[in-house]
Amino acid sequence: MHTMEHKQTNEELVEQGLETLRANQFKITQKRKEILELFAQKQHYMSAQDVHEILREKYPTMSYNTTYRNLYDFVECDLLETTEYRQQQLFKIHCIGDHHHHHFICTKCGKSIPIHHCPMHLLEDELQGVQIEFHRFEVFGLCADCQ
């Protein structure tokens, strides 16, 4: 039986993110808060370049390296999920308490759709004798809006 889970509001995601940054001894800056707000609002995959271009509207002197470093700090704190598509790193907010799932990712708009069925059990016969440390399953294509 599938239970209904609480969907976090944007404000809850940002506040939890700020708490996580504090717990990891990161200084809370306006830029970091705005990065969290951006990901909470969009809730789809974005490249570091996408994020940087949005932030540069308000912070014209902000360097790409600063944006990139902040994104990886967020990944280290488990605030952002990351994946790679066409040799480009993509980032998306990680909802605290998310259960195990995989994603369909739109290659045009970055929208992600959770895939709740995990295909790992289909591979058990082929992977006998190995120790799996982690796995990831992602499907790429065009969402209904982008087709």
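Where is R86 found? R86 sits in the loop between β2 (80-85) and β3 (88-93). The views below come from a predicted model, in which local features need pLDDT of at least 70, side-chain atom pairs count only at pLDDT 80 or more, and totals for chains, interfaces and linings use all residues. Residues are numbered from 1 along each chain as its sequence is written, and side-chain values use heavy atoms, with hydrogens and water left out.

**View A. R86 in the β2 to β3 loop.** R86 is not a glycine, yet has a positive phi of about 50°. Most residues other than glycine have a negative phi. R86 is exposed at 70% relative accessibility (exposed: over 50% relative accessible area; buried: under 20%; partly exposed: in between; 1.4 Å probe, protein chains only). Strands are DSSP runs of E, at least two residues, and helices are runs of H or I, at least four, numbered from the N terminus.

**View B. Q25 in the loop between α1 (10-23) and α2 (30-42).** Q25, also not a glycine, has a positive phi of about 65°. Its relative accessible area is 69%, so Q25 is exposed.

**View C. N70 in helix α4 (residues 64-76).** N70 counts as buried because its relative accessibility is 6%. Not counting residues up to four places away in sequence, N70 touches R32 and I35 (contact: heavy atoms within 4.5 Å).

**View D. Contact of α3 with α4.** A48, Q49, V51, H52 and L55 in α3 meet Y64, T67, Y68 and L71 in α4.
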